[in-house]
Amino acid sequence: MAAATAVAEATVLRHRTWRSRVSVNNVTLGFSLAWLAVVVAAAALPGVLATDDATTLDPTRVLTAPGEQTLLGTDHYGRSVLTLLVHGARAALVIGLAATLLGMLIGSLVGLVAGYLGGAADMLLGRFVDILMCFPGVLLALVIASALGASTTNLIIAVGISAVPGFARVMRGQVLTIRGRLYVEAARSAGFAPGRVLMRHILPNSVAPTVVLATVTVGTSVVVAASLSFLGLGVRTEIPDWGQLLAMGQPYLAGAWWISTFPGIVLTLTVIAVSLAGDWLRDRLDVD
Amino acid sequence: MPARDHLLRLDGVSVELDNGHRDIPLVRDATLDVRKGEIVCLVGESGSGKSVTARTVMGLTQLDRRMKVGGTALFDDVDLFSLDAERMRRMRGRDLAMVFQEPLSSLDPVFTVESQLREGLRRRERLSPKAETARLSEALQEVGIHDCERVLRSYPHALSGGMCQRVMIAMALLARPRLLLADEPTTALDVTIQAQILELIDRLRHEEDMSVLLVTHDMGVAAEVADRVVVMYAGRVVEDADPQKVFAAPAHPYTGGLLACIPPMVGARPVVLPAIGGSVPDPSSLPGGCAFHPRCVNALPRCTTEDPPLEPEAGGTVACWNPLTREAAPAPELVHNGGSA
């Protein structure tokens, strides 16, 4: 009894020290989360954050500098860069999240099966992952995107597949660790079917690192998707996404730096915010 | 011997680990019986193959493809080793249950005690949620946990080792097994809890008419609860006898050595406790003949060439050419700090 209470108290104490440690980074974390909230809000309700229409061309205010008529200046069609950025957030987030989800599902499944079965299955799946890993993520996505053609779905598939190896490796390693735990053997000795042991005992104990990796992958996926758009492999729509906006502003960089610069800053901030949030989550979930 | 009396009968069980180059024997020709309602203690040093034997009966060793298992394990006249994986799996958690050495890591950290016990109970029978809860509380009370509600709601990290082990035993007993395999169930616990757990196992086997194969390296534990003591060394059964016999007049020099290591509770204590010289041989390089001969005080020239069979000797069975119970030719002393009878 006393021992049980002591353990409970120790748990509470550990949580307290964790709080005090993180409070040093609370400011950056706060900024990160606030920025992510803004991006999510822009993606969800672009009309609220940017009041003027993103598709209306206005020859009277072409290439105006930031602050003259609009906060972040206008592009060569007279559209507000701020409005375009706000409206581009949805595409960036949808592709980032969907690609991460896809990569996580496929990768985790591959890692789970490889780690649990071992032997020939592990070897085959391991080589498959190695092949995917041979190519840098962006290059792989580039190849897939150009092979499949430009559409939102294809972009998600391309970026998602490039995220598969990371998830597969993390999950496999975790499953190998958890598989040897005594409670897994105890579950087996209680006569549970292998599938049940895998899904109920190994999987729930293996997800924490995957969750952390997923947050970071959302950031990189946004960048990869933007890179593909920048290279012209993205979806051509009336409203450019962040990658396209970067590409669009490139010819005007000497005179109207703001068209390319602001999307660049927004992308950078988003990725940094996501990875800081990921770090925080890692501490929180106690993943090494 | 009347065969119907036996619940578990291991005959010539061998376990070999294929390390990719060759087969390493972990258990060699293990032969032992567990009768109904009996507690059999499997004792020996670390690495003597006792845990592997227990895990093999459970069919857990076989899950590792590198392990090769031979011999027969008759459980109620069914050879466990001849069952396919699926039928063996169905026996686990129903006819056979196991309790492990480290209670704190035997429970899944992400689920509450309640959900894990429920999961175990459902292996055995389907009850209404209410009846299930009643059974869980009953099972916890059986193992001496009285604040059931708190324990059921707890996650394993919030419980002490003794509590976790009680929960593990409760879980094993929910299955109402006919044979409980307990792999050093009290080793990780402090002495008072240890005594309680042993008492609990002893009481429950009477109440439930359950047989127990208790793996331990602690002769004291064996003395306390065993109906029969089986001593293993380097993967072999070297002695099998009643505890009275084993403790009063051990036949195998190894058993004698193990007993000599226990400090006497009365009288003067030796300044240096006697110990068996050397250590358990690596299974990949066992000495020829009797595996114990390099450490044995009674070794004969014959011991270095021939492995003795397990034969009846003074009321038990022993695998030794020169047992302590037989006043044979004076043995040439090979090891000087070994225990003597």
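Student: How many helices and strands are there in chain B?
Tutor: Chain B has 11 helices and 12 strands. Please keep in mind that this is a predicted model.

Student: What pLDDT does chain B average?
Tutor: The average pLDDT of chain B is 86, and 94% of the residues score at least 70. Over residues 331-341 of chain B, however, the pLDDT is below 50. That stretch has 33 contacts in the model beyond near neighbours in sequence.

Student: And what ipTM does the predictor give the complex?
Tutor: The predictor gives an ipTM of 0.76 and a pTM of 0.76 for the complex.

Student: Why does the radius of gyration of chain B agree with a compact globule?
Tutor: A compact globule with 341 residues would have a radius of gyration near 20 Å, and chain B has 21 Å, so the two agree. The C-alpha trace of chain B spans about 70 × 50 × 40 Å along its principal axes.

Student: Let us turn to the sheets. What is the order of the open sheet of 4 strands?
Tutor: In chain B the order is S2-S1-S4-S5, and the pairing is antiparallel. Strand S2 (23-35) and strand S5 (78-79) of chain B each have a single partner strand, which means that one side of each has no neighbour in the sheet.

Student: How many bridges join S1(B) to S2(B)?
Tutor: There are 9 bridges between S1(B) and S2(B), which run antiparallel. One of the bridge pairs sets Val15(B) against Val27(B) in S2(B). The hairpin of these strands has 4 residues between them, and in it Gly20(B) takes a positive phi near 100°.

Student: And over how many bridges do S1 and S4 of chain B pair?
Tutor: Strand S1 (residues 6-18) and strand S4 (residues 67-75) of chain B pair over 8 bridges in the antiparallel sense. Within S4(B), Gly70(B) stands opposite Ser14(B), and Phe75(B) is the bridge partner of Leu8(B).

Student: What holds paired strands together in general?
Tutor: Strands of a sheet pair through backbone hydrogen bonds, in either a parallel or an antiparallel manner.

Student: Which order do the 8 strands of the other open sheet take?
Tutor: In chain B they follow the order S6-S7-S8-S3-S9-S10-S12-S11, with mixed pairing. Strand S6 (96-99) and strand S11 (311-313) of chain B are the edge strands, each pairing on one side only. From one strand to the next, the twist averages 25°.

Student: Do S3 and S9 of chain B run parallel or antiparallel?
Tutor: Strand S3 (residues 39-43) and strand S9 (residues 228-233) of chain B run parallel and are joined by 4 bridges. Val43(B) stands opposite Val231(B) in S9(B).

Student: Where does chain B touch chain A?
Tutor: Helix H2 (85-91), helix H3 (103-106) and helix H4 (113-124) of chain B each supply at least two residues to the side that touches chain A. In total, 25 residues of chain B are in contact with 19 residues of chain A. The chain B side comprises 11 nonpolar, 6 polar and 8 charged residues.

Student: At what angle do helices H9 and H11 of chain A pack?
Tutor: Helix H9 (residues 194-230) and helix H11 (residues 258-285) of chain A pack at an angle of about 175°, with their axes 8 Å apart. H9(A) and H11(A) are therefore roughly antiparallel to each other. The contact includes Val211(A) and Gly219(A) of H9(A), together with Leu267(A) and Arg282(A) of H11(A). By class, the contact of H9(A) with H11(A) has 14 nonpolar, 5 polar and 1 charged residues.

Definitions and conventions: Residues numbered from 1 in each chain as written. Chains lettered and ligands numbered in written order. Predicted model: local features only at pLDDT ≥ 70, side-chain atom pairs only at ≥ 80, totals over all residues. Axes fitted to C-alpha atoms, helices over the stretch in contact; angles between N-to-C directions. Parallel < 35°, antiparallel > 145°, perpendicular 65-115°, else oblique. Contact = placed C-beta atoms within 7 Å. Nonpolar A, V, L, I, M, F, W, Y, C, P; charged D, E, K, R; others polar. Pairing = 2+ DSSP bridges. pLDDT = per-residue confidence, 0-100. Rg over C-alpha atoms; globule rule 2.2 N^0.38 Å.
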